[in-house]
Amino acid sequence: MPDQRGGPDGLTSLDQLKARTMACRECPIGEFATQSVIGEGKLKPKLMLVGEQPGDQEDLQGHPFVGPAGKLLTRALEDAGIQRAQVFVSNAVKHFKFELRGKRRIHKSPAVREIVACQHWLEDEIALVQPAALVALGASAARSLLGRAVPVMANRGQWLPRADGREVLVTLHPSALLRVDPEDRETAIEAFVADLRQAQRLFRR
Ligand code: URA
């Protein structure tokens, strides 16, 4: 059974999580982002999906997975038989990390120390949302959820246990699929959908 205890910071609402992460300067990312972006979706869901960090659109709009990777994720979930409204979607890191190239803000992957610094906020979120199980979208999410480096390609489609008893399904990040050569992309998306179907089984119970 999932751990029913509160998160590390004793928060009682997602509004509190938003306010506390907005003010967070435990790592340098927050200073440059527009705002923190916390998760959204169904509470007490069968599934909570965790990505890496908000992207450019998410940072501007304040909502998770609303840009190109989010559109791909929503479509893949539907193809796997899961409606986005049935799940909670969030990120391991709550601020957008980028470098400026001219006027463009280019995504930069968070460093391990930044993922670790943000981990307690994700644990607070899990404690508030109370998902039955989790999906790690990519290596940053897997590291945060499982507390160690997880080789994604070797573990994709597998359920790995967390200390709190919840299982984590490991798969790729949808952004990785957007970087696949166009002629190979549909095959890569089909493999991603096949991973997500492992989680669809939870909805039949
Ligand atoms: N990539 C992520 O990991 N999360 C988002 O919210 C958007 C893109």
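**Close-up 1. Arg 162 and Asp 164 pair up through their side chains in a salt bridge, 2.9 Å from N to O.** A salt bridge here is a side-chain nitrogen of Lys or Arg within 4 Å of a carboxyl oxygen of Asp or Glu. This is a predicted model, where local features need pLDDT of at least 70, side-chain atom pairs count only at pLDDT 80 or more, and totals for chains, interfaces and linings use all residues. Residues are numbered from 1 along each chain as its sequence is written, and side-chain values use heavy atoms, with hydrogens and water left out. Asp 164 is buried, at a relative accessible area of 14% (buried is under 20% relative accessible area, exposed over 50%, partly exposed in between, with a 1.4 Å probe and protein chains only). Shared partners tie Glu 123, Arg 162, Asp 164 and Arg 166 into one salt-bridge network.

**Close-up 2. Arg 162 also makes a salt bridge with Glu 123, 2.8 Å from N to O.** This pair links distant parts of the chain: Arg 162 sits in the loop between strand S7 (159–161) and strand S8 (167–171), while Glu 123 belongs to helix H5, 39 residues apart. Helices (H or I, at least four residues) and strands (E, at least two) are DSSP runs, numbered from the N terminus. Arg 162 counts as buried at 10% relative accessibility, whereas Glu 123 is partly exposed at 22%.

**Close-up 3. Helix H5 covers residues 112–129 and bends by about 40° at Gln 119.** The bend is the angle between axes fitted to the seven residues ending at a residue and the seven starting there. H5 has 18 residues and reaches 25 Å from its first C-alpha to its last, close to the 26 Å expected at 1.5 Å a residue; that expected span is 1.5 Å times one less than the number of residues. Just past the end of H5, Gln 130 takes a positive phi of about 55°.

**Close-up 4. Buried residues of H5 include Cys 118, Trp 121, Leu 122 and Ile 126.** Among the elements covering the buried residues of H5 are helix H1 (14–22), strand S2 (47–51), strand S6 (133–137) and helix H6 (139–146).

Close-up 5. Asp 79 is partly exposed at 40% relative accessibility, and so is Arg 75, at 36%. By the salt-bridge rule, the count comes to twelve.

Conventions: Contact means heavy atoms within 4.5 Å.
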